[in-house]
Amino acid sequence: MVTALDKYADAEPHWDYPVVIESHINGVRSKEMNPNTPVGYDEIAEDAIRCWEAGAGAIHAHNTSFDLLGENAFKDYMRTWERVLDKHPDITWYPTTCNNLRLIGDEHGLEHVALLNEHAHAEIACVDTGLTLFATHTDDEGYLVGPEFGFNYARVGRQWRMLRERGVPMVYGVYEPGHLRHAMYYVNQGMSTPGSMWDFYLIGDYGLTATEPIGTNGMKPSLESLYYYLHMIEEAKVKHPWYISIWGQGALDDTGILRRAIELGGHIKTGLELFYDPARNPTNLELLQQAQEIAREVGRPIATHEQARALYHLG
């Protein structure tokens with residue numbers, strides 16, 4: 001029986017642009033998860049500079065506390081990014097969202113992004129179009145424990161409106177297929193911003209933040225998952241670039257999935273925000289260089305900083 005996914009499995013390598021490889025350097029990871037995780041203002045700055053100078057197309061970083069909101073989050077970011085921008089004022093970088101559980105009233109969760117856009121050269125923004133459950137551990141009886149993360153229709157709408165008004169490219173965080181359908185609604189209404197991109201989360205056994213193999217959300221890292229997402233975005237009336245980010249894969253050898261994404265014209269997000277394997281402790285630089293080496297093996301050029309900015313439609 002032929003399926004709609006077969007054409008992706010059968011497709012020969014093809015692309016129309018060099019591959020952009022981003023470094024996502026910290027997230028909510030800790031030294032206990034990997035001693036190479038950058039924590040604190042100086043370490044985050046140093047890793048951002050290191051990966052940028054090694055050819056990352058963009059840097060994505062959290063501040064030191066996901067619980068900070070608005071101006072407090074902005075001030076916390078600036079303690080890192082004043083140092084980075086002093087050395088590389090043209091760096092392409094973008095922040096994360098926030099702890100949605102601390103929002104009240106009409107707060108949408110990206111208030112700090114507006115300030116960073118104005119004052120810290122943050123020209124891209126994350127938009128997580130839905131709600132998901134993060135399994136972090138189990139209780140004494142074996143039941144899953146973890147927070148609910150994400151944003152409802154009203155908050156996503158307010159985020160989207162603010163970013164459209166500023167002309168900021170959006171990273172659509174596709175944790176689940178339903179998140180893609182949510183973003184697709186706005187894309188197909190002509191409400192996306194130039195330079196926006198799909199980020200297909202492929203989520204392994206360790207989920208997004210767990211240190212036990214208890215992941216329960218998202219599409220697993222596999223070629224079939226990648227092909228399904230590619231099939232879904234065929235319905236998009238506005239074509240945006242697509243990326244994959246492989247999360248919490250443990251000992252899974254994900255190089256075949258990275259290779260296939262590069263072969264099919266996709267782009268790559270890598271780094272310690274995504275990576276977890278209790279038996280391995282790579283650095284952000286090592287993960288970036290691994291993806292770069294795969295691109296060279298495929299024969300696809302790696303985007304320069306200028307080419308990456310052009311893909312994001314940044315001046």
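## Strand 9, facing both ways

Take strand 9, which covers residues 170-174: five of its five residues are buried, where buried means under 20% relative accessible area, exposed means over 50%, and partly exposed is in between (1.4 Å probe, protein chains only). Met170, Tyr172 and Val174 point one way from the strand, while Val171 and Gly173 point the other way. In a regular strand, side chains alternate between the two faces of the sheet. Strands here are DSSP runs of E with at least two residues, helices are runs of H or I with at least four, and both are numbered from the N terminus.

A quick word on what you're looking at: this is a predicted model, where local features need pLDDT of at least 70 and side-chain atom pairs count only at pLDDT 80 or more, while totals for chains, interfaces and linings use all residues. Residues are numbered from 1 along each chain as its sequence is written, and side-chain values use heavy atoms, with hydrogens and water left out.

## The sheet around it

Zoom out and you find an open sheet of eight strands in the order 3-2-1-12-11-10-9-4, with parallel pairing. Strand 3 (93-94) and strand 4 (125-127) stand at the edges with a single partner strand each, so one side of each has no neighbour in the sheet. Two strands count as paired if DSSP finds at least two bridges between them.

Strand 4 runs parallel to strand 9, and three bridges join them; alanine 125 sits opposite methionine 170 of strand 9. Next, strand 9 pairs with strand 10 in the parallel sense over four bridges, and glycine 173 has aspartate 199 in strand 10 as its bridge partner. To get from strand 9 to strand 10, the chain goes through helix 6 (residues 177-188), making a right-handed β-α-β crossover. Right-handed means that, with the strands pointing away from the viewer, the path from the first strand over the helix to the second runs clockwise.

One more step along, strand 10 (residues 197-203) and strand 11 (residues 242-247) run parallel, joined by six bridges. Isoleucine 203 has tryptophan 247 in strand 11 as its bridge partner.

## Charged pairs

How many salt bridges does a search of the whole structure find? There are 15, counting a side-chain nitrogen of Lys or Arg within 4 Å of a carboxyl oxygen of Asp or Glu. In one of them, glutamate 234 meets lysine 7, with the closest N and O atoms 2.6 Å apart. That pair links distant parts of the chain, 227 residues apart: glutamate 234 is in the loop between helix 7 (223-232) and strand 11, and lysine 7 is in helix 1 (residues 6-10). Glutamate 234 is partly exposed at 37% relative accessibility, and lysine 7 is partly exposed at 47%.

Arginine 50 is partly exposed at 37%, whereas aspartate 47 is buried at 8%. Also in the list is glutamate 53 with lysine 87, whose closest N and O atoms are 3.4 Å apart. Glutamate 53 lies in helix 2 and lysine 87 in helix 3 (residues 70-87), so this pair ties together parts 34 residues apart in sequence. Finally, salt bridges with shared partners join Glu22, Asp199 and Lys269 into one network.
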